[in-house]
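Hi there,

Here is the structure I promised to pass on to you. Please have a look, and then read on for my notes.

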Amino acid sequence: MAGYRNKRLIPTRRTALTMMGAGAFAWAGTTLARAATGGDEVLTEAKVLRDPDVPVAGNPDGNISIIEWSDYNCPYCRKLEPELRQVIQDDGKVRLVLKDWPILGPVSVTAARIALAAKYQDKYHKAHDAMMGVSSRLTESRINELLASAGVDMDRLKSDLGAHAKDIDAILKRNNEQAEAFGFNGTPSFIVGKYRVPGVLTINEFEQVIADARKAKMN
């Protein structure tokens, strides 16, 4: 092990994940994080773990959740992707919640919106994998090439981008508000069970934090 507890893993102050009667994430001595406007609670279980509009990979009925905030133009997200997926596949009981968090410029926003639009033709995961699987920085034309090659119906995609623009933008807004409420500063960032993981872990470190999250869940 690389000493993840000391170097990378931070037990979150904001989410002890002790469930309140209202089904909200709780933490000692503070109140629920709220959006900057409107006073809406942004760190409820339903919104963070169970947002029906946010795609899920791995085992949807898994006994532990990993929530990932990522950007398609983030080289660290790309580097981590195959290793994280291997851990999840080997474990078999992990639910991976994929929060698109485009913070690296306009092309990142375009990529995130396109991936979420592909969801309406059940091609989100194909779009996600295609964009995460490249090593060079994305451009809009490159995104279109990748998705077309992945079997995404581009005419349908364009139509869904327009028809569902408000819904897509609302998802991205929720993802951003949650990331900011958790205090994340960049991608990739994770919640693993009761822990906040702001950065990249090795395979062994991810396996260990999953094991620790399961133990903590029992307490």
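This is a predicted model: local features need pLDDT of at least 70, side-chain atom pairs count only at pLDDT 80 or more; totals for chains, interfaces and linings use all residues.

Residues are numbered from 1 along each chain as its sequence is written, and side-chain values use heavy atoms, with hydrogens and water left out.

The overall picture

The chain has 9 helices and 6 strands; these are DSSP runs (helices H or I, at least four residues; strands E, at least two), numbered from the N terminus. Of the 219 residues in the chain, 47% are buried, where buried means under 20% relative accessible area, exposed over 50% and partly exposed in between, with a 1.4 Å probe and protein chains only. Among contacts (heavy atoms within 4.5 Å) with a separation of 6 or more, 70% are between residues 24 or more positions apart.

How the helices pack

Two packed helices are described by the angle between their axes and the distance between the axes. Axes here are lines fitted to C-alpha atoms, for helices over the stretch in contact, and angles run from 0 to 180 degrees between N-to-C directions. Angles under 35 degrees count as roughly parallel, over 145 as roughly antiparallel, 65 to 115 as roughly perpendicular and the rest as oblique.

Back to α5 (residues 124-132) and α6 (residues 140-149): their axes come within 9 Å and cross at roughly 125°, so the two helices are oblique to each other. A127, A130 and M131 of α5 meet I143, L146 and L147 of α6. By class, this contact of α5 with α6 has 6 nonpolar, no polar and no charged residues (Ala, Val, Leu, Ile, Met, Phe, Trp, Tyr, Cys and Pro count as nonpolar, Asp, Glu, Lys and Arg as charged, and the others, Gly among them, as polar).

Helix α5 also packs on α4, at an angle of about 150° with the axes 7 Å apart, which makes the pair roughly antiparallel. α4 passes α5 in a right-handed crossing. On the α4 side the contact involves A111, A115, L116 and A118, and on the α5 side Y124, A127 and M131. These residues divide into 7 nonpolar, no polar and no charged.

The axes of α4 and α7 (residues 154-163) come within 9 Å and cross at roughly 105°, so these helices are roughly perpendicular to each other. R113, I114, A117 and A118 of α4 touch L157, D160 and L161 of α7, and this contact has 5 nonpolar, no polar and 2 charged residues.

N144 is found in helix α6 and counts as partly exposed because its relative accessibility is 33%. Leaving aside neighbours within four places in sequence, N144 is in contact with I114 and M154.

Best wishes

Definitions and conventions
A crossing is left-handed if the near helix is turned anticlockwise from the far one by less than a right angle, and right-handed if clockwise.
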